[in-house]
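The sequence and structure come first, and my notes follow.

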Amino acid sequence: MTKQIIKMTVNGEVQEVIAEPRELLIYVLREKLGMTGPHVGCETSHCGACTVDIDGKSVKSCTMFAAQAQGAEITTIEGLGSPDALHVLQESFKEHHGLQCGYCTPGMITRAHRLLEENPDPTEEDVRIGMAGNICRCTGYQNIVKSILSAAAEMNASKEAAQ
Ligand code: FES
Ligand code: FES
């Protein structure tokens, strides 16, 4: 199969990778670019563990070929925060026990980040609907919803304080 060079921006850095047309984006991110935050769960677009942000939209990266990401701007969980400087959402998940095993968490937080970009002041129902594509086998969702609502409140308070 003919390999091709794929150029994309990942977490603010321009990257060039060589991939076959059959290679899924999730594997290229994890195995060729070292972005192991997004996880492989179902590989059939159901669980959301592989969620990344592509050109301002939440995308399950097991559902597209890497070749389709030519020229795209991609953000993974690694681009949202770092161990020394957690994103507000990461802090909130930590504080409100929004995770147990953590397998779903990178996808959850990346999706929640896009949700709050689109709707900075969501209701609980908005959060539940907006997160419906991400499955967690551990938490029962209550604390995930609480974490996202709390992060939204904190982000809005910071914005108000800065005005
Ligand atoms: S691994 Fe992509 S949606 Fe489950
Ligand atoms: S915390 Fe285990 S799958 Fe969500």
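**Sheet**

I looked up the strand order and found an open sheet of five strands, ordered 2-1-5-3-4, with mixed pairing; strands here are DSSP runs of E of at least two residues, helices are runs of H or I of at least four, both numbered from the N terminus, and two strands pair if DSSP finds at least two bridges between them. Strand 2 (13–19) and strand 4 (57–60) are at the edges with a single partner strand each, so one side of each has no neighbour in the sheet. On average, neighbouring strands are turned by 40° against each other, direction ignored.

I note that this is a predicted model, in which local features need pLDDT of at least 70 and side-chain atom pairs count only at pLDDT 80 or more, while totals for chains, interfaces and linings use all residues. Residues are numbered from 1 along each chain as its sequence is written, chains are lettered from A and ligands numbered from 1 in the order in which they are written, and side-chain values use heavy atoms, with hydrogens and water left out.

I then followed strand 3 (residues 51–54), which runs antiparallel to strand 4 and is joined to strand 4 by four bridges; T51 stands opposite K60 of strand 4.

**Helices**

Helix 3 (residues 105–118) lies across strands 3, 4 and 5, at about 35° to strand 3, where angles run from 0 to 180 degrees between N-to-C directions of axes fitted to C-alpha atoms, for helices over the stretch in contact.

Where do helix 3 and helix 5 meet? The contact (heavy atoms within 4.5 Å) is made by M108, A112 and L116 of helix 3 and by I144, I148, A152 and M155 of helix 5.

**I109**

Leaving aside residues up to four places away in sequence, I109 touches I77, L80, L89, Q90 and F93. I also looked up I109 against T51, and the two are 58 residues apart in sequence and 9.0 Å apart in space, C-alpha to C-alpha.
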